[in-house]
Amino acid sequence: MAGKWTDKVSAFTQNAVSKSKELAEITRLNLSISNAEEQIRGLKTEIGSYVVDHQLMTDVPEIQEIYGKLNTLQRSIDESRERIHALKNVNICSNCGAEVSRESRFCDRCGQPIQRPEPYAAEQEAPAQKFCPNCGQALSMDAAFCSNCGAKF
């Protein structure tokens, strides 16, 4: 009787070990599949970026539609960034990318002259504002001197 019991335990143990090995192999294979799928997604993204960056396949209607969506999203991003810059009262240096006060005429990091953007629609709708006739600096309505060039009014 002890022999049958030992044989059953041995068979059960061997079966459990076999199932464990199968489960480990399945897990390893699933992980391998997941890694390969992630690499495929990365490569597809890389291909898509290449196509967009080089303006390829612009004659394909489905791609044209995607380009349109990309352009719309990019304009939205640009407008939001410009609005953030307006709220922060900064310009971005075209040479080094630093945030520079809108009152500055030169970048304080690299010395590049700052290109001042046209006033934003929200700024144009704002109440009347005083500007220096000498340098064009925006001033408070009660200013007697320009804070940028020192001209007297």
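Visitor: Among contacts between residues at least 6 apart in sequence, what share joins residues at least 24 apart?
Guide: In this predicted model, 10% of such contacts in the chain join residues at least 24 apart.

Visitor: And which elements does the chain have, in what order?
Guide: The chain holds 3 helices and 4 strands. Read from the N terminus, the order is α-α-β-β-α-β-β.

Visitor: How much of the chain is buried?
Guide: Of its 153 residues, 13% count as buried.

Visitor: What is the accessible surface, and what part of it belongs to carbon and sulfur atoms?
Guide: The accessible surface of the chain is about 12300 Å². Carbon and sulfur atoms account for 56% of that area.

Visitor: Turning to the surface, which residues form a nonpolar patch there?
Guide: The patch consists of Tyr50, Leu56 and Met57. Together these residues have about 290 Å² of accessible area.

Visitor: Where does Leu56 lie?
Guide: Leu56 is in the loop that links α1, residues 2-53, to α2, residues 61-88. Met57 is likewise found in the loop between α1 and α2.

Visitor: Why does Leu56 count as partly exposed rather than buried?
Guide: Leu56 has a relative accessible area of 34%, and buried would require a value under 20%, exposed one over 50%. Met57 also counts as partly exposed, because its relative accessibility is 42%.

Visitor: What is the phi of Met57?
Guide: Phi of Met57 is near 60 degrees, a positive value in a residue that is not glycine.

Visitor: Which residue in the loop between α2 and β1 can you describe?
Guide: Asn89 lies in that loop. Its phi is positive, at about 60 degrees, although Asn89 is not a glycine.

Visitor: Is Asn89 buried, exposed or partly exposed?
Guide: Asn89 is partly exposed, with 33% relative accessible area.

Visitor: Now for β1: where is Asn91?
Guide: Asn91 lies in strand β1, which covers residues 90-92.

Visitor: Buried or exposed, and why?
Guide: Asn91 is buried, because its relative accessible area is 5%, and the limit for buried is under 20%.

Visitor: With which residue does the side chain of Asn91 make a polar contact?
Guide: The side chain of Asn91 makes a polar contact with the side chain of Arg102, at 3.2 Å. Asn91 is thus a buried residue of strand β1 with a side-chain polar contact to Arg102.

Technical notes
Residues are numbered from 1 along each chain as its sequence is written. This is a predicted model: local features need pLDDT of at least 70, side-chain atom pairs count only at pLDDT 80 or more; totals for chains, interfaces and linings use all residues. Side-chain values use heavy atoms; hydrogens and water are left out. Patches are made of residues with over 30% relative accessible area and no salt bridge: like charges are joined within 9 Å, nonpolar side chains (Val, Leu, Ile, Met, Phe, Trp, Tyr) within 5 Å. Accessible areas come from the Shrake-Rupley method with a 1.4 Å probe; for residues, only the protein chains shown count as cover. A salt bridge is a side-chain nitrogen of Lys or Arg within 4 Å of a carboxyl oxygen of Asp or Glu. Helices (H or I, at least four residues) and strands (E, at least two) are DSSP runs, numbered from the N terminus. Buried means under 20% relative accessible area, exposed over 50%, partly exposed in between (1.4 Å probe, protein chains only). Contact means heavy atoms within 4.5 Å. A polar contact is a pair of N or O atoms within 3.5 Å; within protein, one must be able to donate a hydrogen and the other to accept it, and residues adjacent in sequence count only if both atoms are side-chain atoms.
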